Amino acid sequence: MSLSLDLTDPATFVENDPHAFWRRVRREQPVYWHPKAPGRPGFWVVAGYDDVLSCHGDFKRLSSARGNVLDVLLRGGDSAGGTMLAVTDRPRHRHLRTLMLRAFSPRVLDGVVRRVEERTAELIRTVAERGSFDFAAEVAEHVPMNTICDLLSVPVQDRAELLAWNKAALSSDGPDGVQLDALEARNEIVLYLMDLVFERRANPGDDVISMIAGAEVDGRPLTPEEIALNCYSLILGGDESSRMTAISSVLAFARHPDQWRGLRKGAIDVDTAVEELLRWATPGMHFARTALVDLDIGGQRVRAGDVVTFWTTSANNDESVFAAPRVLDLSRTPNRHLTFGHGPHFCVGAALGRAELSALLRALVAFVDEIELDAEPARIYSNFLYGHSSLPVTFRPRPY
């Protein structure tokens, strides 16, 4: 397999075996320059665990303010830079992060997690009684987005449209996804959230948007656009990644029935299994930064202004850290995966993401005996997200 695969092309990750590709990269050239092409610049690719970990923590020399996703940086930068938490540098990043973490305080999360557990259990009980179904459409699409919408108190009648926009913003079900559609989808989400901000400012309630709208950062209230963009970042982080992880987890159970049986029988701890499934799925394949100064990464000289991409999907399968990384081991410990990132930009919603996956595993154990794959699942087309848009399965219910 060539090291010249085009990492900007979403089809690359569908038409090739990405794990075989990254194994070769780690072995032969763990930090390399991805050449430029007509209409776009080149960029650095970082594949090894230690170097990826180092890049996450190097916030002084690697900036997020121009964007943290490859496609956005190659288009010239993120218009939300300096405004949205994920694409902001210190010191403002620290102040915004302190505010956004209030959305995940125990007081807020207790009720949200309880609804996650109830919703997940009811969905799994229902589909297990039915037998054959598409897990992606009938379960995975209904938990993460509803969870974030619960957090933001988004009206129930608006949630399906919000889900459709978010799916269009980050991935496509086919190879001919249109970039303009993705930009339009992001704009629709931000405009919708701005409308909610105006409503909550006029009639504040006991919800996260009202809380953010009433707070100050750097001595002033956030503008409606700033609030909308930061709420959008919660949707970005909380919907797609959790949905892809749920789908990958059930697919893993279908393909590794011995591991599923161990979990179902109680021989494997649920919390330990959650960490392995997060590593196994790695829904967000990469993060990206812009070098502020000249620096060395893995023995390569990176120049100020260069785009640097570091690939979590490779780091989470680095043989120097994870023994037999492509063997699913739900009892794996320690498990120092980087699925939620590391350092100042560590995912603010990590606890909620873990709670969602834990709720899914507990519901499966409670209601499902066997999981069978009915057809090969359809992969999404994206160079940022890794996962599937469909998962036809049969659940055999547990006998009572």
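In what order do the strands of the open 5-stranded sheet run, and what kind of pairing do they have? In this predicted model, the order is S1-S2-S10-S7-S3 and the pairing is mixed. Strand S1 (31-34) and strand S3 (62-63) form the edges, each pairing on one side only. Further in, strand S7 (residues 286-291) and strand S10 (residues 307-311) are joined by 5 bridges in the antiparallel sense. Within this part of the sheet, Arg 289 stands opposite Val 308 in S10.

Helix H3 (residues 49-57) lies across this sheet, over S1, strand S2 (43-46), S3, S7 and S10. Its direction is at about 125° to that of S10. Helix H15 (residues 312-315) contains Thr 312. Thr 312 has a relative accessible area of 0% and is therefore buried, the limit being under 20%. Beyond its neighbours within four places in sequence, Thr 312 is in contact with His 56, Thr 282, Gly 284, Met 285, His 286, Phe 287, Leu 338 and Thr 339.

The model also has an open sheet of 3 strands, in the order S4-S12-S11 and with antiparallel pairing. S11 and strand S12 (residues 392-397) run antiparallel and are joined by 5 bridges. Ile 371 stands opposite Phe 395 in S12. Helix H16 (residues 350-367) packs on this sheet and touches S11 and S12, its direction making about 105° with that of S11.

H16 also packs against other helices. Two packed helices are described by the angle between their axes and the distance between the axes. For H12 and H16, the angle is about 30° and the axes are 10 Å apart. H12 is roughly parallel to H16, because angles under 35 degrees are counted that way. Their crossing is right-handed. The contact brings Gly 238, Ser 242, Thr 245, Ala 246, Ser 249, Val 250 and Phe 253 in H12 together with Gly 353, Glu 356, Leu 357, Leu 360, Leu 361 and Leu 364 in H16.

Helix H6 (residues 106-130) packs with H16 at an angle of about 35°, with 9 Å between the axes. This crossing, too, is right-handed. The residues of H6 that meet H16 include Leu 109, Val 112, Val 116, Ile 124 and Ala 128. On the H16 side, the residues include Leu 352, Glu 356, Leu 360, Leu 364 and Phe 367.

In soluble globular proteins, nonpolar side chains tend to be buried together. The largest nonpolar core of this model has 97 residues, of which Phe 135, Leu 263 and Phe 395 touch the most other members. Helix H12 (residues 224-255) supplies the largest share of this core, 15 residues. Leaving out neighbours within four places in sequence, Phe 135 is in contact with Ile 124, Ala 140, Ala 246, Ile 247, Val 250, Leu 360, Leu 391, Val 393 and Phe 395.

Note on methods: Residues are numbered from 1 along each chain as its sequence is written. This is a predicted model: local features need pLDDT of at least 70, side-chain atom pairs count only at pLDDT 80 or more; totals for chains, interfaces and linings use all residues. Side-chain values use heavy atoms; hydrogens and water are left out. Two strands pair if DSSP finds at least two bridges between them. Helices (H or I, at least four residues) and strands (E, at least two) are DSSP runs, numbered from the N terminus. Contact means heavy atoms within 4.5 Å. Axes are lines fitted to C-alpha atoms, for helices over the stretch in contact, and angles run from 0 to 180 degrees between N-to-C directions. A nonpolar core is a set of buried Ala, Val, Leu, Ile, Met, Phe, Trp, Tyr and Cys residues joined through side-chain atoms within 4.5 Å. Buried means under 20% relative accessible area, exposed over 50%, partly exposed in between (1.4 Å probe, protein chains only). Angles under 35 degrees count as roughly parallel, over 145 as roughly antiparallel, 65 to 115 as roughly perpendicular and the rest as oblique. A crossing is left-handed if the near helix is turned anticlockwise from the far one by less than a right angle, and right-handed if clockwise.
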